[in-house]
Amino acid sequence: MSEIKNIYCVGRNYVAHAKELNNEVPNSPFLFSKPTHAFVEANGQEISLPGNRGSIHYETELVIWIGRKHEKGMKADEVIKRMGIGIDFTLRDVQNELKKKGYPWLLAKGFPHSAVVSKFIEFPGINEIKEKDFILIKNGEKVQQEDSKNMIFDLQTIVDFTSIHFGLDEGDIIFTGTPEGVGQVLDGDHLSLKWDNKIVGDCFIRLT
Ligand code: ZN
């Protein structure tokens with residue numbers, strides 16, 4: 001796995017999730033980013049997360065890995081080389097306070113290990129991934145399941161928007177938004193990430 005450069009995340013990209021948190025559905029992509037220290041691959045290990053800053057929520061998301069510099073007019077299929085299933089961990093109580101103050105989300109979204117991703121697999125293409133679901137299993141129970149075709153902003157729109165505003169090059173990854181069903185993780189929880197009915201990564205939560 002090559003080095004991870006920029007970590008971009010799309011917020012509010014599925015209607016049902018925007019509604020479950022009482023947010024408006026956006027009319028253009030809404031992005032934030034995480035430091036590279038946030039990144040960790042889920043390969044069955046314990047992952048430590050902050051245990052003293054209020055509730056931590058999982059947000060399960062399709063993650064794309066960019067394999068070459070994006071230039072204007074390029075198709076998303078030309079630049080997305082790999083994909084994984086990730087968890088955008090969020091300090092939800094902290095985020096709610098930040099939202100009230102109109103502050104950036106970094107404190108709630110950017111802590112170490114807040115960007116967990118399964119092993120990356122070859123990206124089969126935008127059309128090929130439709131009709132396949134990504135799933136989060138928590139302690140043996142399915143808690144999130146979604147198909148990327150239900151995104152408000154599709155992968156082409158996300159790639160174009162990110163490239164224009166921030167630049168997009170090899171090693172950048174994009175978390176493309178969570179569907180509904182977000183919830184809290186507790187110490188000792190076991191999380192498994194599934195794609196196309198296969199487990200592609202898992203980890204145990206350690207709150208410290
Ligand atoms: Zn998210």
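How many bridges join strand β15 to β16, and do the two strands run parallel or antiparallel?

A: A word first: this is a predicted model. Six bridges join β15, residues 190-195, to β16. The two strands run antiparallel.

β15 and β16 form a hairpin, with two residues between them. Asp196 sits in that turn and has a positive phi of about 55°.

Strand β4, residues 46-49, is joined to β16, residues 198-207, by four bridges. Here the strands run parallel. Find Glu46, and you will see Phe204 of β16 opposite. So the picture around β16 has two pairings: antiparallel with β15 and parallel with β4, by the rule that two strands pair if at least two bridges are found between them.

For contrast, turn to another set of strands. Three of them form an open sheet, in the order β8-β5-β14, with antiparallel pairing. β8 (90-91) and β14 (183-184) stand at the edges, and each has a single partner strand, so one side of each is left without a neighbour in the sheet. Two bridges join β5, residues 56-58, to β8. In this pairing, Ile56 stands opposite Leu91 of β8.

Next comes the metal site. The zinc ion is coordinated by Glu59, Glu61 and Asp88, at 2.0 to 2.1 Å. The two glutamates use OE atoms, and the aspartate uses OD. Along the chain, these donors follow the spacing E-x1-E-x26-D. Glu61 lies in strand β6, residues 60-66, and Asp88 in strand β7, residues 80-88. The two are 27 residues apart, so this pair links distant parts of the chain. Both Glu61 and Asp88 are buried.

Finish with a helix. α6 covers residues 155-166, which makes twelve residues. From first C-alpha to last, α6 reaches 16 Å, close to the 16 Å expected at 1.5 Å a residue. Its buried residues are Leu155, Ile158, Val159, Phe161, Thr162 and Ser163. Here, buried means under 20% relative accessible area. After α6 comes Gly167, with a positive phi near 90°.

Terms used:
Residues are numbered from 1 along each chain as its sequence is written. This is a predicted model: local features need pLDDT of at least 70, side-chain atom pairs count only at pLDDT 80 or more; totals for chains, interfaces and linings use all residues. Side-chain values use heavy atoms; hydrogens and water are left out. The expected span of a helix is 1.5 Å times one less than its number of residues. Buried means under 20% relative accessible area, exposed over 50%, partly exposed in between (1.4 Å probe, protein chains only). Donors are N, O and S atoms within 2.8 Å of the metal (3.2 Å for Na, K and Ca); water is not among the atoms, so sites may look incomplete.
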